[in-house]
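I am keeping these notes while going through one model, entry by entry. Each entry starts from something I wanted to look up.

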Amino acid sequence: MAKSHLFMLSLIIIPLISASPNSPEQKLSVAHTELTKYGFPIGLLPTNVKSYTINTTTGDFSVLLKHKCRVTLPPDNYLATYSSKITGKIVENKIAELNGINVKAFFRWWGITGIKMSGKDLTFEVGVLSAKYPADKFGDTPACEGKHSSS
Ligand SMILES: *[C@@H]1O[C@H](CO)[C@@H](O)[C@H](O)[C@H]1NC(C)=O
């Protein structure tokens, strides 16, 4: 009898422990670690990553977030939004065919189509336009703002 009670109790307690959402060690998902393997800073993805897949042959990747996310990007406080699904093609120091990240600048929204790393700089591409920032400004994963700010 006592044994089965203990079993029941552990069924209840274990999910509670593993679900604690904001412990710092859970903020870095596999996707964030993968970014660093390809030469990029972790700050390119928000904290609420749900899952991540990559075809290591082609570099085609897909990142699912728990929900859409709005963040303020560090250098010039640009507002950016992440769709719940972000796709692209990643190779060493280069992300291309990017879909799912938009940034507001000059009074309208632009889709970021590519990101490159060169030396200590990150270059964001919006079609044929680009903007360069020091990569060390992206050393922290941004938290989503607004009603979903807790995750
Ligand atoms: C990766 O992409 C290649 C080329 O499209 C394909 O042949 C291969 O099956 C893919 N691998 C996986 C694990 O999906």
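What volume does the largest cavity have? I get about 140 Å³ for the largest cavity, and I note at the outset that the model is predicted.

**Entry: cavities**

I searched the whole structure and found 2 cavities of 30 Å³ or more. The largest cavity has 14 lining residues, and Leu-35, Leu-45, Phe-61, Val-63 and Ile-95 lie nearest its centre. I then checked which elements give two or more residues to this lining, and they are α2, β2, β4 and β5. By class I count 13 nonpolar residues, no polar ones and 1 charged one in the lining of the largest cavity.

The second largest cavity has a volume of about 50 Å³. I list its lining as Leu-44, Leu-73, Ala-80, Tyr-82, Ile-101, Ile-112, Ile-115, Phe-124 and Phe-138. These lining residues divide into 9 nonpolar, no polar and no charged.

**Entry: largest pocket**

I next looked up the open space. The largest pocket holds about 300 Å³. It is lined by 15 residues, and those closest to its centre are Tyr-78, Val-103, Ala-105, Val-126 and Ala-131. At least two lining residues come from each of β5 (94–105), β8 (121–126) and β9 (129–134). I note that β9 gives the most, with 4 residues. The lining of the largest pocket splits into 13 nonpolar residues, 1 polar and 1 charged.

**Entry: nonpolar core**

Which residues touch the most other members of the largest nonpolar core? I find Phe-40, Ile-86, Ile-115 and Leu-122, in a core of 34 residues. At least two residues of this core come from each of α2 (30–37), β1 (49–54), β2, β3, β4, β5, β7 and β8. The largest share is that of β5, with 5 residues. I see Ile-115 again from the cavity entry, where it lines the second largest cavity.

**Entry: hairpins**

Strand β7 (residues 114–118) and β8 run antiparallel and are joined by 5 bridges. Across this pair, Met-117 stands opposite Leu-122 in β8. The hairpin of β7 and β8 has 2 residues between the strands, and Gly-119 takes a positive phi near 60° there.

The pairing of β8 and β9 is also antiparallel, over 6 bridges. Here Phe-124 stands opposite Ala-131 in β9. The hairpin of β8 and β9 has 2 residues between the strands, with Gly-127 at a positive phi near 60°.

**Entry: salt bridges**

How many salt bridges does the structure hold? I find 4 salt bridges, and I wrote up three of them.

In one, the side chains of Asp-60 and Lys-89 meet at 3.6 Å, N to O. Asp-60 lies in strand β2 (residues 60–65) and Lys-89 in strand β4 (residues 78–91), so this pair ties together parts 29 residues apart in sequence. Asp-60 is partly exposed at 33% relative accessibility, and Lys-89 is partly exposed at 29%.

In another, the side chains of Arg-70 and Glu-145 meet at 3.7 Å, N to O. Arg-70 belongs to strand β3 (residues 69–73) and Glu-145 to the segment after β9, so the parts tied together are 75 residues apart in sequence. I have Arg-70 as partly exposed, with a relative accessible area of 39%, and Glu-145 as partly exposed, with 29%.

Lys-116 is partly exposed, with a relative accessible area of 33%.

**Entry: His-32**

Is His-32 buried or exposed? It counts as buried, because its relative accessibility is 0% and the cut-off for buried is under 20%. His-32 is found in helix α2. I also took the separation of the C-alpha atoms of His-32 and Pro-46, which is 9.0 Å for residues 14 apart along the chain.

Notes
Residues numbered from 1 in each chain as written. Predicted model: local features only at pLDDT ≥ 70, side-chain atom pairs only at ≥ 80, totals over all residues. Heavy atoms only, no water. 1 Å grid on protein atoms, 1.4 Å probe; cavity = no way out; pocket = protein on both sides within 12 Å on 5 of 7 lines; lining within 4 Å. Points joined across faces, edges and corners; volume = space filled by probe spheres on them. Nonpolar A, V, L, I, M, F, W, Y, C, P; charged D, E, K, R; others polar. Buried < 20%, exposed > 50% of the residue type's maximum accessible area, 1.4 Å probe, protein only. Pairing = 2+ DSSP bridges. Core = buried A, V, L, I, M, F, W, Y, C linked by side-chain atoms within 4.5 Å.
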